[in-house]
Protein chains: 2
Amino acid sequence: MARSANRESVGNVLIPWDVPQPQLSDDVHPALADAARAASAAYGRARALHTRLELREEVADGADGTPTMRVDRIVEDAILESIHRSRVNLLSEEAGFVDNGSSVTLVIDPVDGSANAAFGVPLSCFAGALVEDGTAKEALTTWFDTGRAWHARAGVPTAFRTTGRTSLDGAAVCMMRPKRGTQDAWLRIANRAGRIRVLCTTCLETMLVAEGAVDAFIDPGSDTHRIMDLATALVTVPAAGGVLVDLHGRPFTFGPDLTHRWSGVAAATPQLAEELIATVLDA
Amino acid sequence: MARSANRESVGNVLIPWDVPQPQLSDDVHPALADAARAASAAYGRARALHTRLELREEVADGADGTPTMRVDRIVEDAILESIHRSRVNLLSEEAGFVDNGSSVTLVIDPVDGSANAAFGVPLSCFAGALVEDGTAKEALTTWFDTGRAWHARAGVPTAFRTTGRTSLDGAAVCMMRPKRGTQDAWLRIANRAGRIRVLCTTCLETMLVAEGAVDAFIDPGSDTHRIMDLATALVTVPAAGGVLVDLHGRPFTFGPDLTHRWSGVAAATPQLAEELIATVLDA
């Protein structure tokens with residue numbers, strides 16, 4: 001009886017948990033704060049109205065050429081309304097560049113960890129950086145399922161700090177899953193790290209680096225990340241005492257060309273980042 | 001400046017987030033409910049009083065011979081007080097079997113995902129099963145960082161359901177990290193699954209299987225689990241339409257011998273469990 005009930009229900013169920021509003025401090029830029037609140041509210045409505053199957057349905061191709069799930073679309077639509085209210089520009093994975101004639105551009109990943117968000121794995125977040133004159137000045141990451149928020153300004157030390165670890169042996173490392181081309185590098189890291197986690201949400205994993213819960217996060221060579229996947233870490237991890245670098249030393253840029261990809265390495269210290277990179281690149 | 005502040009603070013910081021009380025329904029057995037509330041309160045106090053470095057310090061060897069971190073000790077002490085209040089027996093990884101002359105034994109993992117709990121990765125939980133006459137009758141798992149709870153009675157269908165997926169290709173699978181002896185099996189699963197996650201908390205990962213957020217969880221051969229790591233899944237996953245089995249078909253038993261180990265496989269359906277096992281065992 002349980003089996004047949006189960007079989008009929010495949011994916012056709014709602015995610016039962018509420019999405020709280022993010023816990024924001026007063027000094028978050030109003031445009032970033034409004035976008036983050038709009039994202040949480042939209043994701044909460046999406047979970048209340050749509051089954052897991054509907055949330056993950058591919059409804060379009062994004063501006064970067066990858067498919068857009070319904071959950072991404074719903075949250076991005078809410079963010080578009082927000083940036084028109086705030087009269088700032090937007091660079092986002094689905095919409096691309098939206099010009100509102102402002103000197104300020106928000107570089108946003110509406111739903112980081114889209115698959116987690118669609119299936120109900122409670123590890124997904126909003127990630128937004130405020131860019132002026134080609135430089136990221138401020139960043140906000142908010143974890144949808146708890147409302148926890150990490151806020152930072154470029155160059156201003158945060159209250160939370162990285163662990164300060166300098167060596168890979170025994171470190172706690174978050175990684176993207178191994179792919180066929182990166183499997184050997186993945187295993188070289190895994191065999192030296194003390195603890196390995198794969199959470200499938202880069203923006204949240206890099207915040208765990210900033211907070212000192214893990215020592216590092218690495219994409220071991222798959223060049224998966226667009227700038228909006230790394231923009232919040234680019235501000236927040238250094239402000240917490242760590243570094244964010246590309247595996248091949250390529251500089252991070254905020255251009256509207258979304259075919260541009262990087263392999264992000266967030267680490268508690270520059271030494272740890274160097275050792276991670278050497279381990280990936282050294283066959 | 002940020003670097004030197006960082007270096008001094010390695011591990012010497014508190015985890016800044018509160019631990020809420022678990023959200024329990026009225027029909028949870030009072031002894032299980034009291035133990036779960038005691039666990040959340042104790043872990044909350046532990047995070048407020050002790051740095052990450054102190055939480056993970058090894059303070060003793062448990063009844064099963066593995067080291068006990070301070071965070072485990074603090075939460076287990078609170079559970080010992082709880083079972084003496086409730087006048088039930090306890091089987092727990094640190095204390096072993098505690099006989100209060102009751103017909104009821106709680107089989108408890110006070111802190112599942114101890115390393116996550118100690119370092120501040122917000123993925124750890126209390127897991128307790130109520131055993132009578134050698135059979136698990138009821139189970140409660142509570143996620144510390146959110147208060148979310150999963151409650152089930154043996155043989156009574158739960159409101160939450162597994163995904164019903166029957167095949168591995170493209171499935172979403174949680175796994176324990178690869179170890180040297182299980183690396184090949186780990187990669188065979190990873191290369192067929194659609195999505196892989198490594199959350200380092202078996203009890204929470206098996207609840208994600210029960211809830212239909214992922215299709216399966218597997219320890220691909222390391223025989224890491226004691227009975228208290230699997231007792232809640234043994235009740236909850238079948239009640240949600242899935243299965244919990246051992247990789248080698250060994251029956252789960254609730255004896256006080258904590259050297260007994262299993263490789264747990266939780267899956268949305270018996271067919272998926274069989275395919276996972278065949279994939280691990282087939283070289």
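## Basis of the model

The model is predicted, with local features taken only at pLDDT of at least 70, side-chain atom pairs only at pLDDT 80 or more, and totals for chains, interfaces and linings from all residues. Residues are numbered from 1 along each chain as its sequence is written, chains are lettered from A and ligands numbered from 1 in the order in which they are written, and side-chain values use heavy atoms, leaving out hydrogens and water.

Helices (H or I, at least four residues) and strands (E, at least two) are DSSP runs, numbered from the N terminus.

## The six-stranded sheet of chain A

Chain A has an open sheet of six strands in the order E4-E3-E5-E6-E7-E8, with mixed pairing. Two strands count as paired if DSSP finds at least two bridges between them. In general, strands of a sheet pair through backbone hydrogen bonds, either parallel or antiparallel. The edges of the six-stranded sheet are strand E4 (96–98) and strand E8 (149–153) of chain A, each of which pairs on one side only. From one strand to the next, the twist averages 15 degrees. Angles run from 0 to 180 degrees between N-to-C directions, and axes are lines fitted to C-alpha atoms, for helices over the stretch in contact.

Glu138(A) has Arg153(A) in E8(A) as its bridge partner.

Helix H2 (residues 30–49) of chain A lies across strand E5 (104–112), strand E6 (125–132) and E7 of chain A. The direction of H2(A) is at about 160 degrees to E6(A). Helix H7 (residues 202–211) of chain A lies across E5, E6, E7 and E8 of chain A, and runs at about 105 degrees to E5(A). Contact here means heavy atoms within 4.5 Å.

## The five-stranded sheet of chain A

Another open sheet in chain A has five strands in the order E10-E9-E11-E13-E12, again with mixed pairing. Strand E10 (195–197) and strand E12 (243–246) of chain A stand at its edges with a single partner strand each, so one side of each has no neighbour in the sheet. Neighbouring strands of this sheet are turned by 20 degrees against each other on average, direction ignored. Strand E9 (residues 172–175) of chain A and E10(A) run parallel and are joined by three bridges. Ala172(A) has Arg195(A) in E10(A) as its bridge partner.

Helix H8 (residues 227–239) of chain A touches E12 and strand E13 (264–267) of chain A, and its direction makes about 140 degrees with that of E12(A). Helix H9 (residues 270–281) of chain A touches strand E11 (216–218), E12 and E13 of chain A, and its direction makes about 140 degrees with that of E13(A).

## Helix pairs

In chain A, the axes of H2(A) and helix H4 (residues 70–86) come within 8 Å and cross at roughly 150 degrees. That makes H2(A) roughly antiparallel to H4(A). By the rule used, angles under 35 degrees count as roughly parallel, over 145 as roughly antiparallel, 65 to 115 as roughly perpendicular and the rest as oblique. Residues of H2(A) that meet H4(A) include Ala35(A), Ala38(A) and Ala42(A), and their counterparts in H4(A) include Val71(A), Ile74(A) and Ala78(A). By class, this contact has twelve nonpolar, two polar and two charged residues. Ala, Val, Leu, Ile, Met, Phe, Trp, Tyr, Cys and Pro count as nonpolar, Asp, Glu, Lys and Arg as charged, and the others, Gly among them, as polar.

In chain B, the axes of helix H7 (residues 202–211) and helix H8 (residues 227–239) come within 9 Å and cross at roughly 10 degrees. H7(B) and H8(B) are therefore roughly parallel to each other. Among the residues in this contact are Cys203(B) and Met207(B) of H7(B), with Leu230(B) and Ala233(B) of H8(B). The contact divides into eight nonpolar, four polar and one charged residue.

## A site from the record

An unreviewed UniProt entry lists Asp109(A), Asp112(A) and Asp229(A) for "binding site". These residues span 121 residues in sequence, yet no two of their C-alpha atoms are more than 7.3 Å apart, so they gather at one spot. UniProt positions are given in the numbering used here, feature names are shortened, and annotations may be inferred rather than shown by experiment. Asp109(A) has its place in strand E5 of chain A.
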